[in-house]
Amino acid sequence: MTDADTLYRDIEAIRARNPVVVSITNYVVTNTTANALLALGASPIMSHAVEEMAELVAISGALVINLGTVAPEYLAAMDPAWAAADGAGVPVVLDPVGAGASMLRTVTPLALLDSHRPFIIRGNASEIMTLAGDAGSAARGVDSTAKSDAAGSAARALSMKHGCAVVVSGEADLVVEGGAKVRVLGGSPLMPRVTGLGCTATALCAAFAAVNKNPLEAALHASVTMKIAGEMAEAKASGPGTLQLHFYDALYAMSAQDVADHIKLVR
Amino acid sequence: MTDADTLYRDIEAIRARNPVVVSITNYVVTNTTANALLALGASPIMSHAVEEMAELVAISGALVINLGTVAPEYLAAMDPAWAAADGAGVPVVLDPVGAGASMLRTVTPLALLDSHRPFIIRGNASEIMTLAGDAGSAARGVDSTAKSDAAGSAARALSMKHGCAVVVSGEADLVVEGGAKVRVLGGSPLMPRVTGLGCTATALCAAFAAVNKNPLEAALHASVTMKIAGEMAEAKASGPGTLQLHFYDALYAMSAQDVADHIKLVR
Amino acid sequence: MTDADTLYRDIEAIRARNPVVVSITNYVVTNTTANALLALGASPIMSHAVEEMAELVAISGALVINLGTVAPEYLAAMDPAWAAADGAGVPVVLDPVGAGASMLRTVTPLALLDSHRPFIIRGNASEIMTLAGDAGSAARGVDSTAKSDAAGSAARALSMKHGCAVVVSGEADLVVEGGAKVRVLGGSPLMPRVTGLGCTATALCAAFAAVNKNPLEAALHASVTMKIAGEMAEAKASGPGTLQLHFYDALYAMSAQDVADHIKLVR
């Protein structure tokens, strides 16, 4: 399974191949997730124009379906885009932003999951527990009220049902696929104070999915890369504002040595 | 009335309670105002999906109605969201971006004010004068051509008519409620060179409104916090780009001593 | 033709007159292009509300039509806005983002060019070659696969057909009008790793168009300003994240000496 070497090999693959990642994502994070993808080496396209989805997906290495903006003009593009990805064998990463916070944010990802199979689902504990039908989930807006570890059984149930990897982001990330469960430590306490870093984790899942056909490895590599970049950025930051910029710099500059120095996995 | 101690008490309340602030706001500032709210300690949700407005408002401490994007799909959510806020006793902060610059930007906030009562209205001098029906107002795009002090009588008239506090942002801010009028000094001349800092002031009004039921105090606290963070950021910035990031850092790190050192009120 | 003095004179004109630049642009770059315009001294308005386009264009010095977001609600505003600009003598800068990447992104700018005359067209090599009907163009998503120099004949054909200047952005920019062709060197290899710097170049074309009626000079001044700000920013940056902020600072602080030190034109 994943270690510093296999992770760095994927980072090098992204930098060498510059895979196109198509994102239907929310208007809070279009700029920041595009910057994260570019800094890592991928080639982002952000669109929700249903007319061009099949063409864009056909040239892409992965597709992000992020439910942060649930306006009709965004939602209308998601099913056709995912269908195109199904047809082309393009892996899809689903981010159920705010599942549990409103009925619309709960039923929309569930309806998509009825028709399509994700490669990876990434969310916070409340979102993952909501998708799994866990009555104990308690969303509070788009932030989570539960710790990621509490979502372990929900993540496993989701993974089993949909045949995908599941990432539960939190102070420690939990990455689950079937019987496998890995905790990813590290990062920075400043990260929840920057908007859209969860969505950035989703975008990085897609970048790794474009170069690695193993969903558990792709999910783990994204999660670990987030934590490492967060630690590298924190060392240079004086708060959440400066953290965000140093975070991009860290994605761009991350070396094999950086990975080896910062990776923290608990199996 | 407000002094350094009462302001800092509200900052601590925001940091302790993390109030949800729901924003229907323009696509230029979704990311930056969310970051400002997170840095200060609030929990932002940005949405314009009419289907979920009542649910989101029900869990929120305040609602922002920002008219920067006047596309139909944004406008359609505003009246229902405000109605939900009225019903739930959630304070609403109105930002009439560009009032006076186009007919649509002038009539839309006026129509909302016909049906609903704001807790705070925040705008620049041209916008406030336009809302008050002042023939002397002269908007030039979304930037103001008038100095904030010139809008004093317009602000008072608006405050009286709608029973709310009014913030006129400018080189000096003017905060008015009924017969009370306070000038807030400080800040940085770089601030008008960063897009969306007016909208950020509006977002902070909402964060303070979520923890302080007195509209004048909430408005003053937001105005003063903007000026202090601007001064703290300018000390570390080399231009408007770096200012914006240090501004978030300042919101995050602002201490009681920082407040005491920088607060500048003229009654 | 353009040299350091004529460029700096235009920068001073923008700083003195603060021309309004109206942008119908994509949701990835609304914030960043507004910040670039503010840093340089222009006054940005971002909107796609068709109802107000004529009013906004009437008070503007230039109009940006950027095709990065090709959703219907954005496209619907473009033709009326451009018609208003035609009527008012306001120069229009067209950015055909992703032309060649999807049918929609190819036919939309071509349809606009059937009805309207641009002042400047700015794109990468693939986009410019696609617009010129060059079969050798090969878009790969929204990034270019061709070098800017390869687009020289396409740029000339477009310039001749539409009577406008054409900027082909790349490692070296190519600026063409009629028989004139200038290569603009400089900048930073980090620039393609920041999302939206192409769109920023388009926005700066509009700012210079607002103060200079010569399309070749306006286009060249924008191109050179991008390269200079990129070099100034790189000197202070440690990666693409920090580059972006220092880029704004450079636009804000750029002096006559900076221009003289960094300008690199090859005729």
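Tutor: What follows starts at the annotated sites, moves to the chain contact, and ends with other salt bridges. The model is predicted.

Start with one annotated pair. UniProt, in an unreviewed entry, places the feature "binding site" at R122(A) and S169(A). These positions are spread over 48 residues of sequence, yet they cluster in space, with a largest C-alpha distance of 7.3 Å.

Take R122(A) by itself. R122(A) sits in strand β5 of chain A, residues 120-124. Its relative accessibility is 4%, so R122(A) counts as buried. Neighbours within four places in sequence are left aside here. R122(A) then contacts L94(A), D95(A), P96(A), I128(A), V167(A), S169(A), G198(A), C199(A), A201(A) and T202(A).

Now the partner. S169(A) belongs to strand β8 of chain A, residues 165-169. At 19% relative accessibility, S169(A) counts as buried, because the cut-off is under 20%. Beyond four places in sequence, S169(A) contacts R122(A), G123(A), N124(A), A125(A) and S148(A). The two annotated residues also meet through their side chains: S169(A) and R122(A) make a polar contact at 2.6 Å.

N26(A) is in the loop between β1 (20-24) and α2 (30-40) of chain A. With 4% relative accessibility, N26(A) counts as buried.

The unreviewed UniProt entry also gives "binding site" for M46(A) and G196(A). G196(A) is in the loop between β10 (180-184) and α8 (197-209) of chain A. G196(A) is buried, with a relative accessible area of 14%. M46(A) lies in strand β2 of chain A, residues 43-46. M46(A) counts as buried at 9% relative accessibility.

M46(A) brings in another chain. Leaving aside neighbours within four places, M46(A) contacts S23(A), T25(A), T30(A), T33(A) and A34(A) in chain A, plus Y27(C), V28(C) and R105(C) in chain C.

R105(C) then takes us to the contact between the two chains. E52(A) forms a salt bridge with R105(C), with the closest N and O atoms 2.6 Å apart. The count between chain C and chain A is 1 salt bridge. There are also 14 residue pairs in polar contact, both residues at pLDDT 80 or more. On the chain C side, the elements giving two or more residues are α4 (72-88), α5 (103-115) and α10 (240-253). The largest share, 5 residues, comes from α10(C). By type, this side of chain C divides into 15 nonpolar, 10 polar and 5 charged residues.

Now the whole contact. It takes 30 residues from chain C and 32 residues from chain A. The two chains bury about 2,400 Å² between them, 55% of it on carbon and sulfur atoms.

Chain A also pairs with chain B. E52(B) forms a salt bridge with R105(A), the closest N and O atoms again being listed at 2.6 Å. E52(B) is in the loop between β2 (43-46) and α3 (53-58) of chain B, and R105(A) is in helix α5 (residues 103-115) of chain A, so the pair joins two chains. Both E52(B) and R105(A) are buried.

Other salt bridges stay within one chain. R122(B) pairs with D95(B), with the closest N and O atoms 3.1 Å apart. This pair links distant parts of the chain: R122(B) is in strand β5 (residues 120-124) and D95(B) in strand β4 (residues 92-95), 27 residues apart. Both R122(B) and D95(B) are buried.

Chain C has a pair of its own. K264(C) forms a salt bridge with E231(C), the closest N and O atoms being 2.5 Å apart. K264(C) lies in the loop between α11 (256-262) and β11 (265-266), and E231(C) in helix α9 (residues 215-234), so the pair ties together parts 33 residues apart in sequence. K264(C) counts as partly exposed, at 34% relative accessibility. E231(C) counts as buried, at 17%. Over all chains, the structure holds 12 salt bridges.

Terms used:
Residues numbered from 1 in each chain as written. Chains lettered and ligands numbered in written order. Predicted model: local features only at pLDDT ≥ 70, side-chain atom pairs only at ≥ 80, totals over all residues. Heavy atoms only, no water. Contact = heavy atoms within 4.5 Å. Buried area = accessible area lost by both parts, 1.4 Å probe. Salt bridge = Lys/Arg side-chain N within 4 Å of Asp/Glu carboxyl O. Polar contact = N/O pair within 3.5 Å; in protein donor to acceptor, adjacent residues only side chain to side chain. Helix = DSSP H or I, 4+ residues; strand = E, 2+ residues; numbered from the N terminus. Nonpolar A, V, L, I, M, F, W, Y, C, P; charged D, E, K, R; others polar. Buried < 20%, exposed > 50% of the residue type's maximum accessible area, 1.4 Å probe, protein only. UniProt positions renumbered as here; feature names shortened; annotations may be inferred.
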